[in-house]
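Me: I am new to reading structures. Can you take me through one, feature by feature?

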Amino acid sequence: MTTAVVTFPGSNCDRDCVHAVRDALGAPVVRSWHKDHELPSSTTSVMLPGGFSYGDYLRCGAMAALSPIMAAVKRFADAGGPVLGICNGFQILCEARLLPGALLRNHDGLFHCQDVELEVSAGGVGLLAPFDRRQRIALPIAHGEGNYTADEATLDRLEAEGRVAFRYLARDAAGNGLVNGARRAIAGVLGGPANNVVGLMPHPERRSGAHLHGTDGLLLLRGLVAAGAGFAEAHA
Amino acid sequence: MRARVIVRLKPAVLDPQGEAVERALLGLGFSGVKNVRVGKLIELDVDGDAGLVKAELSAMADKLLANPVIEDYQVEVSG
């Protein structure tokens, strides 16, 4: 039962993710490199960390989505393996078409680094099992391109299928996220054959212990590791 | 053969970069400026006849150069 944390050139939250899972949660972690063609054989869950993979060349996450390790992550996700993408990791999952939609530049053109209040809209589902449905939590964000968008039909489908994972509580008059303009205030979505893929812009690893001012994020990491244990059991 | 792929944000997609450039241009005194949109121009050399190259460029745009969720593209081939 091991969580693989993938490092791309330009990832800068990979060691934070390792720290949160290994030290705060006390669960086994293995590092994985973008050029690897396979995930380590012990892998039961995957984390794609935040950062600026490949310098955000072309579009955030576009180059990383084509790296060798992502073919392995896609096979893992398609088989029902739990995958969590945080910030740039979320952008990579969208670019790899493992999750619907795209992340545009924030509506005000600014990079926002602050705490935000969220609703765990799909609390109780899959990796979000440790949360109550619509539980309110606070997590930090740090992004310039977190303005989630998709066409209306996709947004309607996400809502109808209960695949909006997280929403920003603060919204503008049009119902979009106040902090970045995200359509319908969507901060994170679910995907994969069994809602086993989660992407979100906020950073759960930065709220993974009292020394990091809270444990709201630790719940999500616990959900990831637990989903990994369930996945391993089903495939034993 | 020299080719170009022009990638633009879809008309319905907000372009904060374009808005910032527009404000800067207005600040410089170019008072008639409006509707600034910032896109990307990708130039490349490709071998093959024009028809095939165009199809190949479209495939490149679909797979990598543009994101169909937010962007439109146009391919041009010259000599």
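**Reading the strands and the rest**

Reply: Start with β3(A): six of its six residues are buried, so this strand is mostly covered. Buried means 20 or more other C-beta atoms within 10 Å of the residue's own; exposed means 12 or fewer; partly exposed lies in between; C-beta atoms are placed from the backbone. Strands (E, at least two residues) and helices (H or I, at least four) are DSSP runs, numbered from the N terminus.

Me: What kind of model is this, and how are things numbered?

Reply: It is a predicted model: local features need pLDDT of at least 70, side-chain atom pairs count only at pLDDT 80 or more, and totals for chains, interfaces and linings use all residues. Residues are numbered from 1 along each chain as its sequence is written, while chains are lettered from A and ligands numbered from 1 in the order in which they are written.

Me: How do I read the confidence of chain B, and what is its mean pLDDT?

Reply: pLDDT is the predictor's confidence in each residue, from 0 to 100. Where pLDDT is low, the predicted coordinates should not be read in detail. Chain B has a mean of 94, and 99% of its residues reach 70 or more. For the complex, the predictor gives an ipTM of 0.89 and a pTM of 0.96.

Me: How do I read strand pairing? Which strands does β3(A) pair with?

Reply: Two strands pair if DSSP finds at least two bridges between them. Strand β1 (residues 2–7) of chain A runs parallel to β3(A), joined by four bridges. Here A:Thr3 has A:Ser45 as its bridge partner, and A:Ala4 stands opposite A:Val46. Strand β4 (residues 83–86) of chain A also pairs with β3(A) in the parallel sense, over three bridges. On that side, A:Val46 stands opposite A:Val83.

Me: In what order do the nine strands of the open sheet in chain A stand?

Reply: The order is β2-β1-β3-β4-β11-β10-β9-β6-β7, with mixed pairing. At the edges are β2 (29–33) and β7 (135–143) of chain A, each pairing on one side only. From one strand to the next, the twist averages 25 degrees. Such angles run from 0 to 180 degrees between N-to-C directions, and axes are lines fitted to C-alpha atoms, for helices over the stretch in contact.

Me: What makes up the secondary structure of chain B?

Reply: Chain B has two helices and three strands. From the N terminus on, they run β-α-β-α-β. The radius of gyration of chain B is 16 Å, well over the 12 Å of the globule rule for 79 residues, so the chain is more spread out than a compact globule. That radius is taken over C-alpha atoms, and the rule is 2.2 Å times the number of residues to the power 0.38. The C-alpha atoms fill a box of roughly 45 × 30 × 15 Å along the principal axes. Buried residues make up 13% of the 79.

Me: And the sheet of chain B? What is its strand order?

Reply: It is an open sheet of three strands, β2-β1-β3, with antiparallel pairing. Strands β2 (40–45) and β3 (71–78) of chain B each have a single partner strand, so one side of each is left without a neighbour in the sheet. The twist averages 20 degrees from one strand to the next. Strand β1 (residues 2–9) of chain B pairs with β2(B) over six bridges. One pair there is B:Ile6 and B:Leu41. Helix α2 (residues 50–65) of chain B lies across β1, β2 and β3 of chain B, at about 150 degrees to β3(B).

Me: How many residues of chain B are in contact with chain A?

Reply: Contact means that the C-beta atoms of two residues, placed from the backbone, lie within 7 Å. Nine residues of chain B are in contact with 15 of chain A. Helix α1 (residues 16–27) of chain B gives the most to its side, with three residues. By class, that side of chain B has seven nonpolar, two polar and no charged residues. Nonpolar covers Ala, Val, Leu, Ile, Met, Phe, Trp, Tyr, Cys and Pro; charged covers Asp, Glu, Lys and Arg; the others, Gly among them, are polar.

Me: How do I read phi? Is A:Ala185 buried or exposed?

Reply: Most residues other than glycine have a negative phi. A:Ala185 has a positive value, near 60 degrees. A:Ala185 is buried, because 25 other C-beta atoms lie within 10 Å. A:His213 also has a positive phi, near 65 degrees. With 12 C-beta neighbours inside 10 Å, A:His213 counts as exposed.
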